[in-house]
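Visitor: I've got a model on the screen and some questions about how it is put together. Could you walk me through it?

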Amino acid sequence: MRYVQVIFSPTGGTQKVADAVTEEWGNDIDRIDLSDAGLDFSKIIFEESDIVLAAFPSYGGRVPELAAKRFRQVHGGHAQCVIVCVYGNRAYEDTLVELQDLAEACGFRVTAAIAAVAEHSIMRQYAAGRPDMQDVRELHDFAKKILEKLKGNNGTSHVLEIPGNRPYKKAGAVGLVPRAGKKCAECGLCAEVCPAQAILKENIKTADAGKCISCMRCVSRCPEAARKVNGVMVSAAALALKKACSEKKKNELFL
């Protein structure tokens, strides 16, 4: 039996949540990084005895299209799967039900689900510092309850009651494409780590708007803090989300 994270976490928030869960499962945790454009995901095959944590951020209430495309290539092998969606304190809407459908289409048995909050990847004033210590304790408790269920599962399963709608809400358009300013040293790191391969080393200061998914990895990884998105657009978006994000949202467990 293996414990495996299948994860898409461009700026690290989803990774923090996933790590808080799997810390309770021991130290021997494998990881498959769906943000790695160089991997052949069709060669990833699980066995029925494996326990998989599939963790994704919510982008506008949906699973990021690029992450979904790569996840669809994985062979679940009837392994038990815990699905996790992570959102920036607004709402996760249809993300969790979409993730459930994706996992089942890959051949996983979805046996538990978590919706968790992490610091917003663009407007960092929302859910700032989360997951915090209280969140981590709660996620540890979730993990213990899930593990009890997984170890007691005799192969049977039941349909999880997960919030969301089918058909899913329409995916939003990408509107915030980071670009480099004068501080850019042209080191090329942003091009190397871009999950969507939207940045070319030959044209390092901009990004292909047709490929960019606004994940903000290039912004978070830039050693010179040179890459940014349009400040006016961010301020407008933050104002629009202020009411929805003003109340501290809770983490949720579905068993």
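Predicted model: local features only at pLDDT ≥ 70, side-chain atom pairs only at ≥ 80, totals over all residues.

Visitor: How many bridges join strand 4 to strand 5?

Guide: Strands here are DSSP runs of E, at least two residues, and helices are runs of H or I, at least four, all numbered from the N terminus. Two strands pair if DSSP finds at least two bridges between them. Strand 4 covers residues 80-87 and strand 5 covers residues 109-117; they run parallel, and the number of bridges is eight.

Visitor: What is the strand order of the open sheet?

Guide: The sheet has six strands with mixed pairing. Its edges are strand 2 (29-33) and strand 8 (252-254), each pairing on one side only. Reading across, the order is 2-1-3-4-5-8.

Visitor: By how many degrees are neighbouring strands of this sheet turned against each other on average?

Guide: Axes are lines fitted to C-alpha atoms, for helices over the stretch in contact, and angles run from 0 to 180 degrees between N-to-C directions. For this sheet average, though, direction is ignored, and the value is 15 degrees.

Visitor: Which strands does helix 4 lie across, and at about what angle does it run to strand 5?

Guide: Helix 4 takes in residues 133-152. It lies across strand 1 (3-7), strand 3 (51-57), strand 4, strand 5 and strand 8. Its angle to strand 5 is about 175 degrees.

Visitor: Are the faces of strand 3 covered or open?

Guide: Buried means under 20% relative accessible area, exposed is over 50% and partly exposed is in between, using a 1.4 Å probe and protein chains only. Seven of the seven residues of strand 3 are buried. I51, L53, A55 and P57 sit on one side, with V52, A54 and F56 on the other, and both faces are covered.

Visitor: What handedness does the crossover from strand 3 to strand 4 have?

Guide: Seven bridges join these two parallel strands, and P57 stands opposite V86 in strand 4. The chain gets across through helix 2 in a β-α-β crossover. Handedness is judged with the strands pointing away from the viewer: if the path from the first strand over the helix to the second runs clockwise, the crossover is right-handed. This one is right-handed.

Visitor: Why is helix 3 described as largely enclosed?

Guide: Its buried residues are T95, L96, V97, E98, L99, Q100, L102 and A103. They pack against strand 3, helix 2, strand 4, strand 5 and strand 8. Helix 3 is largely enclosed by the rest of the structure because the buried count is eight of its eleven residues.

Visitor: Is the ring pair of Y3 and W25 stacked, tilted or edge-to-face?

Guide: Rings of Phe, Tyr and Trp (its six-membered ring) pair if their centres lie within 6.5 Å; planes under 30 degrees apart count as stacked, over 60 as edge-to-face and the rest as tilted. Y3 counts as buried at 11% relative accessibility, and W25 is buried at 7%. Their centres are 5.7 Å apart with planes at 35 degrees, so the pair is tilted.

Visitor: And what about the rings of F71 and F108: stacked or tilted?

Guide: F71 is in helix 2, while F108 is in the loop between helix 3 and strand 5, 37 residues apart. F71 is buried at 0% relative accessibility, and F108 is buried at 4%. With centres 5.9 Å apart and planes at 15 degrees, the pair is stacked.

Visitor: Which residues form one aromatic cluster?

Guide: By the ring rule, the count comes to five aromatic pairs. The residues forming one cluster are F46, F56, F71 and F108.

Note on methods
Residues numbered from 1 in each chain as written. Heavy atoms only, no water. Contact = heavy atoms within 4.5 Å.
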